[in-house]
Amino acid sequence: MDFELNDELKMFHRAVRDFCEKELKPHAHIAHETGELNWDAIKKMPSLGLTGLQVSEAFGGVEMDTLGAAIAVEEIGRVCGSTALTISAHNGLGCGPIMAWGTDAQKEKWLPMLTSGDTLGALALTEPQAGSDLLNGAQTKAVRDGDEWVINGTKAWITNVAWSPVLTVLLRTDAESGSRGFSMMLVETDREGFTIHPPEKKMGLNASKSHMLTFDNVRVPVSNILGDEGNGFYQTMQTLDNGRISIGALSVGLAQGAYEEMVKYAMDRTAFGEPIAKKQLIQEKIANAAMEIEAARTLIYKAAWMKDKGKKFTKIASIAKLKASLVAEKVCYDAVQVHGSAGYSRDYAVERMYRDQRLMQIGEGTNEIQYLVIARNVLKEFESGTFTML
Amino acid sequence: MHIVTFTRSTPDTAAKVEVDGNGAVSWGDAATVVNPWDEYSLEEAIRQATNVKGDTTVIAVGGDLHNDSLKHSLAMGVKNAVRVNADGLDMTDSLQWASLAAAAVNNIDDCQLVIFGKEHVDVGSDQVTYQTARKLGWTMLSYVSEILELDAEGGTIKVEKTVEQGKQILTAKLPVVISVLKGINEPRYPSFIGIRKASKATIPEWTPADLGIELPASSITHDAYNNPPPRDITSEIIEGETIEEKAAQLVDKLLEEKVL
Ligand SMILES: Cc1cc2nc3c(=O)[nH]c(=O)nc-3n(C[C@H](O)[C@H](O)[C@H](O)COP(=O)(O)OP(=O)(O)OC[C@H]3O[C@@H](n4cnc5c(N)ncnc54)[C@H](O)[C@@H]3O)c2cc1C
C-alpha cells in the first residue's frame with residue numbers, strides 16, 4: 001500500500017495546477033457570465049496532454065493511466081466547472097470509445113484532429129425519451145442499405161457536439177435483439193440530414209454546451225461502425241464505468257474549489273468581534289468539508305487504481321461517483337452558507353460552483369442508478385459468496 | 001554553441017516567509033516554485049538554442065531543494081541539468097555563489113551565452129548575475145528586453161536593453177552574460193512528454209573538486225537581524241452621496257496625508 005503519487009504524476013499534478021491557475025481560473029467567472037469557453041487556453045492544452053489524456057502518443061495523446069486522467073479533471077474542476085465538463089466529456093466520451101474500439105484507420109483519421117485542441121469529441125447516448133433506461137427506451141435507429149447505414153431519430157443533451165467534427169452515436173441496429181441490438185457508429189457532423197439544435201438552457205456549467213440532435217435519413221458508410229455490430233450497449237456500459245471516475249474526479253475538484261473559497265472567506269469575514277472561522281459552527285463546516293473531500297478523493301483514486309490494475313471496477317466507480325457528487329453538493333452548499341449574502345451573489349465563485357455541482361448527481365448515470373448498480377453488484381457478490389475481500 | 005541558464009527553487013510567493021533573529025529564512029511546509037524570473041530566462045535559452053541549433057544546460061547552485069526547479073526546467077525543454085554544491089556553502093554569500101556558478105560554466109564546452117532571470121525573488125537581489133560575469137571575465141548585459149540577433153558564426157549578440165529613459169540597442173562580442181526581463185517572451189508550460197522524461201532524470205551534482213576550484217572562504221558574518229516593526233494600518237470607508245463627492249473627499253484626505 002502506497003499513498004504517494006509517483007514522480008511523474010506529482011510533476012504532472014503540479015503542472016496542471018499551475019496551468020489551471022494561470023489560464024483557466026481568471027476566466028472562470030467570464031465563462032459563467034458569458035457562456036464562452038476560453039479557447040485560447042484549450043488550444044494550449046495538447047502539449048500538457050489535457051486533450052488526449054488516454055490517447056496513445058501516435059495520435060497526439062499522452063497515454064496516461066486513469067489516475068492521471070482523474071487528477072487532471074479534478075484540477076480543472078477546482079477552478080472552472082464548465083471547462084472541466086468539456087474536457088472530461090471530450091476525453092472520456094469523445095476520445096475514449098474511438099481509442100478503445102476504433103480500427104487503425106478510424107483512429108488515424110479522427111484522433112489527431114480530436115487531440116489537436118481545435119476540436120472536441122462527443123458521444124450521443126441519451127434521447128428525449130430515454131436516459132437511464134437506454135435499453136428499453138432508446139429509439140434512434142440505423143437500417144442497413146447496401147454499403148451504408150441510414151440513421152433516423154433524436155438524441156438529447158449531447159455535450160461538446162457543436163465543436164465536434166465527428167461523434168459516436170449509440171444506435172439500435174436490430175429491434176428484435178434486446179441488449180444485443182445496439183451498435184456504435186461514427187457520424188461526421190457535416191453529413192446531410194444531421195441537425196444540431198440550439199444549446200440547452202442550463203442551471204450551471206454555462207460555458208459547456210449540450211444540444212439536441214436530429215438524424216433525418218443520415219447516411220454513413222458501413223466502415224463507420226465502431227467496434228462490432230450488436231455490441232453497442234455493452235460498449236456504452238463500459239464507457240460509462242470509465243466516465244463515472246471522471247465525473248467523480250470533477251466533483252472532487254468542485255468541492256475542493258468551494259472548500260478553499262469557504263476557508264479563506266471564513267478567515268477574512270468578521271462577526272461578533274472575530275473572524276467567523278473562530279466560530280464552532282463554522283469550524284464544523286470546515287472540518288466536515290476537509291473530511292468529506294479526503295474521503296471522496298481517496299475513493300476516486302482507488303477506483304482509478306483498480307481500473308489501472310485491471311481489476312473489476314464497476315462497483316467502486318459507482319461508489320466513488322455517488323460519494324463524490326454528494327460531497328460536492330454538501331461542500332458547495334456550506335461554502336455558500338459561510339459566505340452569507342455574498343454566497344448568493346454572482347460576484348463570488350461559490351455561487352457558480354453551487355450551480356455547477358448539480359449536474360454531478362445527474363450525468364453519467366443519475367445517483368439513483370448508482371445506488372442500483374452498487375446494490376446489484378453487492379447482491380451478486382453475496383449470492384456467489386465473493387463478498388468477503390476487497 | 002552551448003547556452004547556459006540558471007535557476008533556483010524559491011518559496012511560493014503566496015507562502016508566509018519568516019526571518020528569525022539570525023537572518024535565517026523559513027517558510028514552513030509551503031511548496032517551492034521556480035524563481036518566477038527564471039521562467040523567462042529558461043524560455044529564452046530554449047528559444048535561442050533552437051535558433052542556433054545549440055545545446056542548453058540549466059544549473060542550480062545549492063542543496064537538493066533546487067532539484068525541483070531543475071526538473072521543471074527539463075520538463076520545459078532544457079536539454080541538460082546539473083546542480084553545483086559545496087560543503088560550507090553560505091547561500092547568502094553571493095561571491096561564493098558566483099564562484100561556483102562561474103566554475104560550472106567554465107566546465108561546459110563551447111558555452112558562449114549565459115542567461116539569468118532579472119533577479120532572485122527570495123533574496124530580492126541580482127548581484128550574483130554581475131559577480132558571475134565578473135568571475136568569468138565576460139561582458140554583462142542586464143535588463144535585456146529582446147535578443148535581436150544571436151550570431152553564432154560571427155560571435156556577436158545584438159540586444160535591446162530597457163533603461164530608465166527608454167530602450168538601448170547594443171551589440172556585444174560573445175561570450176556574454178545577460179539578464180532578461182519579464183516581457184521578453186511568454187514562457188511555455190512543461191509538456192507532458194517533458195515531464196515524463198524529467199521525472200525519471202537523475203540530476204548530477206558537481207563539487208568544487210570536480211570543477212577544479214576551492215570554495216572561497218565566506219567574508220561575511222551575520223551579526224544581527226531585526227524584522228521591520230509591524231505596520232499599524234487602519235482603513236476607512238468614505239461615505240458620500242455621489243461618486244464625485246466621494247472622490248473629492250478622497251483627494252482631500254490624500255492631500256492631507258501628503259500622499260499627493
Ligand atoms: C449537462 C448535461 C450534459 C449531458 N451530456 C450528455 C452527453 O454528452 N451524452 C449523452 O448521451 N447524454 C448526456 N446527458 C444526459 C444524461 O446522461 C442523462 O440526463 C442521464 O442519464 C439521466 O437520464 P434522463 O435525463 O433521461 O433521466 P431519466 O432516466 O428520465 O430519469 C428521471 C429520474 O428517474 C430516476 N430513475 C430512472 N430510473 C430509475 C430506477 N430504475 N430506479 C429509480 N429511479 C430511477 C432517475 O434517477 C431520475 O431521478 C447530459 C445531461 C446533462 C444534464
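**A guided tour: cavity, pocket, ligand and backbone**

The structure holds one cavity of 30 Å³ or more. This is a predicted model, in which local features need pLDDT of at least 70 and side-chain atom pairs count only at pLDDT 80 or more, while totals for chains, interfaces and linings use all residues. Residues are numbered from 1 along each chain as its sequence is written, chains are lettered from A and ligands numbered from 1 in the order in which they are written, and side-chain values use heavy atoms, with hydrogens and water left out.

**The cavity**

Select Asn35(B), Asp38(B), Phe116(B), Gly117(B), Glu119(B), His120(B), Ser125(B), Asp126(B), Val128(B) and Thr129(B), which line the largest cavity. On a 1 Å grid over the protein atoms alone, a cavity is a set of points where a 1.4 Å probe fits but cannot get out; a pocket is an open set with protein on both sides within 12 Å along at least five of seven lines; lining residues have an atom within 4 Å of a point. The volume of the largest cavity is about 40 Å³, taken as the space filled by probe spheres set on the points, with grid points joined across faces, edges and corners. Strand S8 (111-117) and helix H4 (127-136) of chain B each supply at least two residues of this lining; helices (H or I, at least four residues) and strands (E, at least two) are DSSP runs, numbered from the N terminus.

**The second largest pocket**

Next, select Arg14(A), Asp18(A), Thr32(B), Val33(B) and Val34(B), which lie nearest the centre of the second largest pocket among its 40 lining residues. About 1500 Å³ of space lies in this pocket. H1(A) gives the most to the lining, with ten residues. The lining divides into 16 nonpolar, seven polar and 17 charged residues; Ala, Val, Leu, Ile, Met, Phe, Trp, Tyr, Cys and Pro count as nonpolar, Asp, Glu, Lys and Arg as charged, and the others, Gly among them, as polar.

**The ligand**

Move to the ligand, which 19 residues surround, the closest being Thr126(A), Ser132(A), Trp157(A), Thr366(A) and Glu368(A); a residue is near if one of its heavy atoms lies within 4 Å. Domain 2 (123-230) and domain 3 (233-384) of chain A both give residues to the shell, so the ligand lies between them. These bounds come from an automatic or database domain assignment. By class, the shell has eleven nonpolar, six polar and two charged residues.

- Leu123(A): a polar backbone atom is 3.0 Å from a nitrogen atom of the ligand.
- Thr159(A): an N or O atom in the side chain is 2.7 Å from a nitrogen atom of the ligand.
- Thr366(A): a polar side-chain atom lies 2.6 Å from an oxygen atom of the ligand.

**Backbone geometry**

Finally, select Leu174(B) and Pro175(B), joined by a cis peptide bond with omega of about 0°. Pro175(B) is in the loop between strand S11 (166-173) and strand S12 (176-180) of chain B. In chain A, Asn217(A) is found in strand S7 (residues 210-221). Although Asn217(A) is not a glycine, its phi is positive, at about 55°. Most residues other than glycine have a negative phi, and most peptide bonds are trans.

How values were computed. A polar contact is a pair of N or O atoms within 3.5 Å; within protein, one must be able to donate a hydrogen and the other to accept it, and residues adjacent in sequence count only if both atoms are side-chain atoms.
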